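Please look over the sequence and the model shown here before reading on.

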Amino acid sequence: MAPLTRALLGLTLLAASSCAVPAPTSRASVSPDPGPAWRMLGVSREGRPLRAMELGAGGPRVAVIAGIHGTEQEGLRHVPELIATLDELPATITLYEDVNPDGSARARRGTVSGVDPNRNWPATNFAPAPSRGPRPLSEPGVAHVYRDLLRFDPELVVVLHSTARGPFVNFDGPAEGHAWRFTEGAGPPWFVKPSMGYATPGSLGSWMGLDRGRPILTVEFRRGAPPGETGPPLLRGLRALIEEGPLDEPRPRVR
Ligand SMILES: [Zn+2]
């Protein structure tokens, strides 16, 4: 069965199992292997689900976050291909769907409170502001994903964004070698951009990369690029990143 079909079936079963209606006595129609299914982490302020899925053939723990800024849907539209591809790779992978589903539904970068979900993490450089929230984790979506990341304790994190200046890969923590590896897999015109050029207090990269010392890549597609320009390089980059195994030291660019 195709992974997406299995995932949808799994979600249907998950929804059915949480329903108050008694389960039917016959199980004949239930597949013995529904495959990977979405797991509910909680709900957003407007009640939308925060979801994650366990994938991969086993190995280092890798977290992939398909969306965080509501106006950057380039990664989210590739979730079906991500599920199929990540499930084959030699890693223990958690795919997080969308940190900011309310923003995605409203085509708004931030949350319904006007907070940037990539400035609301409990990094040591967090400072309260209307755009960053009164305190870390004030946004339910961020708080749910944060708790699950603590539980999962990924050894590598990849987050999908988009910008008019893309496509490139930015990184925090000991991730320079990972960034080169992703861009080499993705191919031209992808490049490594070591600094965004502005401060990012309270960002996921600050918390995970700088405070926890875990490599984290910020993958920036070209904003508005058609799916054919974003999907294939993304999947090639992830394959290159994960199939070659863990990478502790920065690796210089070869070409
Ligand atoms: Zn972004």
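Leaving aside residues up to four places away in sequence, Phe152 touches Arg61, Val62, Ala63, Thr92, Ile93, Thr94 and Tyr96, where contact means heavy atoms within 4.5 Å. Phe152 belongs to helix H4; helices (H or I, at least four residues) and strands (E, at least two) are DSSP runs, numbered from the N terminus. With a relative accessible area of 8%, Phe152 is buried, a term that stands for under 20% relative accessible area, with exposed over 50% and partly exposed in between (1.4 Å probe, protein chains only).

The model is predicted, so local features need pLDDT of at least 70 and side-chain atom pairs count only at pLDDT 80 or more, whereas totals for chains, interfaces and linings use all residues. Residues are numbered from 1 along each chain as its sequence is written, and side-chain values use heavy atoms, with hydrogens and water left out.

Helix packing comes next. Two packed helices are described by the angle between their axes and the distance between the axes. Helix H4 (residues 140-152) packs with helix H6 (residues 204-211) at an angle of about 20°, their axes being 13 Å apart; axes are lines fitted to C-alpha atoms, for helices over the stretch in contact, and angles run from 0 to 180 degrees between N-to-C directions. H4 and H6 are therefore roughly parallel to each other, given that angles under 35 degrees count as roughly parallel, over 145 as roughly antiparallel, 65 to 115 as roughly perpendicular and the rest as oblique. Tyr146, Leu149 and Leu150 of H4 meet Leu204, Trp207 and Met208 of H6.

A second pair is formed by helix H5 (residues 176-186) and helix H7 (residues 227-243), which pack at an angle of about 135° with axes 7 Å apart, and which are therefore oblique to each other. On the H5 side this contact is made by His178, Arg181, Phe182, Gly185 and Ala186, and on the H7 side by residues including Pro233, Leu234, Arg236 and Gly237. H5 is mostly covered, nine of its eleven residues being buried, among them Trp180, Arg181 and Phe182. The buried residues of H5 pack against strand S5 (156-163), strand S6 (168-172), strand S7 (216-222) and H7. After H5 comes Gly187, which has a positive phi, near 85°.

At the level of the whole chain, the protein has seven helices and seven strands, and its elements run α-β-β-β-α-β-α-α-β-β-α-α-β-α from the N terminus on. Buried residues account for 50% of the 255 residues in the protein. Of the contacts between residues at least 6 apart in sequence, 77% join residues at least 24 apart.
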